[in-house]
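Trainee: I have just opened this one and would like to go through it with you, if you have a moment.
Mentor: Gladly, let us look at it together.

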Amino acid sequence: MATGMMFPDFDEVHPLARGPFVALANELHYLWSKGLIPVWFRPFEIYRTPQRQVEMLRTGKSKAGPWSSAHQYGLAVDFVPYIRGSWSWTVPLTTWDHLREQAHKVGLLNDIEWDRAHVEHPAFAKLRAALQPKVSAVPNAAHLSEQPPKVRG
Ligand SMILES: [Zn+2]
C-alpha cells in the first residue's frame with residue numbers, strides 16, 4: 001500500500017467519507033505502479049458545484065440535475081485512467097472492471113454502466129432518500145409520485 005498524501009484535493013470529500021476514497025486512490029496507484037492493473041486510475045473530479053451540475057445536465061455530460069448528484073455533497077469521486085499525461089475514458093470495459101473491483105473492496109459503489117468513472121459512497125443513497133419530499137408534507141401534491149427520480153451521476 002502506498003503511503004502519504006498524494007491527492008491533497010481529497011479535502012473536497014466529505015470528512016466522514018474520506019477514508020475509503022483515499023484508500024482507493026492509494027491502492028489504485030500502488031497496483032498500477034506494480035504492473036498489477038494496466039492503467040493508473042486517478043481522481044478526475046471530486047466536488048462539483050450545483051451550478052456546474054446544471055451546465056453538465058444542459059450539455060448532456062450528466063443525467064443528474066443540481067443537488068441530485070453525490071458530487072454536490074462530497075460523496076463521489078470520478079476516477080479516470082491517466083495514460084501518458086492524458087485522461088482517457090476510452091479504455092476497454094475489462095480495464096474499468098479493475099476500478100469496480102477495487103472500489104467494492106473498500107465499500108464504495110461503482111455500478112453505473114453509462115458512467116464507469118463514477119465512484120460513490122453508499123451514504124448518498126440514504127441522504128437522497130431522506131431529502132425526497134414526502135407527498136403528505138406538500139400541500140396539494142397528493143397527485144405526485146412517491147417514486148424518487150432515477151438520476152445518478
Ligand atoms: Zn461522478
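Trainee: Among contacts between residues at least 6 apart in sequence, what share joins residues at least 24 apart?
Mentor: The share is 60% in this chain, where two residues are in contact if their C-beta atoms, placed from the backbone, lie within 7 Å. Please keep in mind that this is a predicted model, in which local features need pLDDT of at least 70, side-chain atom pairs count only at pLDDT 80 or more, and totals for chains, interfaces and linings use all residues. Residues are numbered from 1 along each chain as its sequence is written.

Trainee: What is the mean pLDDT, then?
Mentor: The mean pLDDT of the chain is 88, and 82% of its residues reach 70 or more; pLDDT is the predictor's confidence in each residue, from 0 to 100. Over residues 1-5, however, pLDDT stays under 50, and the model has 6 contacts beyond four places in sequence for them.

Trainee: How many helices and strands are there?
Mentor: The chain has 4 helices and 4 strands, which are DSSP runs numbered from the N terminus (helices H or I, at least four residues; strands E, at least two). Along the sequence they follow the pattern α-β-α-β-β-α-β-α.

Trainee: Which strands pair with β2?
Mentor: Strands count as paired if DSSP finds at least two bridges between them. Strand β1 (residues 40-45) runs antiparallel to β2 and is joined to it by 5 bridges, with Arg42 having Val80 as its bridge partner in β2. Strand β4 (residues 118-120) is also antiparallel to β2, through 3 bridges, and there Val77 has Val119 as its partner. Finally, β2 and β3 (residues 86-87) pair in the antiparallel sense over 2 bridges, and they form a hairpin with 2 residues between them, where Arg84 in the turn has a positive phi of about 45 degrees.

Trainee: Why is β2 described as largely enclosed?
Mentor: Because 6 of the 8 residues of β2 are buried, the strand is largely enclosed by the rest of the structure. A residue is buried if 20 or more other C-beta atoms lie within 10 Å of its own, exposed if 12 or fewer, and partly exposed in between, with C-beta atoms placed from the backbone.

Trainee: And which residues have the most contacts inside the largest nonpolar core?
Mentor: They are Leu24, Phe79 and Val119, in a core of 22 residues; such a core is a set of buried Ala, Val, Leu, Ile, Met, Phe, Trp, Tyr and Cys residues joined through C-beta atoms within 7 Å. The elements giving two or more residues to this core are α1 (18-33), β2 (76-83) and α3 (93-105), and α1 gives the most, with 5 residues. Leaving aside neighbours within four places in sequence, Leu24 is in contact with Gln102, Ala103, Val106, Leu108 and Val119.

Trainee: Switching to α3, which of its residues are buried?
Mentor: The buried residues of α3 are Leu99, Gln102 and Ala103. They cover an arc of only 105 degrees around the axis, taken from the directions from the helix axis to the C-beta atoms, which puts them on the same side of α3. They pack against α1, β1, β2 and β4, whereas the face turned away from the buried side carries the exposed residues Leu93, Thr94, Glu101 and Lys105.

Trainee: One last thing, where does Ala117 lie?
Mentor: Ala117 lies in the loop between α3 and β4, and it counts as buried because it has 20 C-beta neighbours inside 10 Å.
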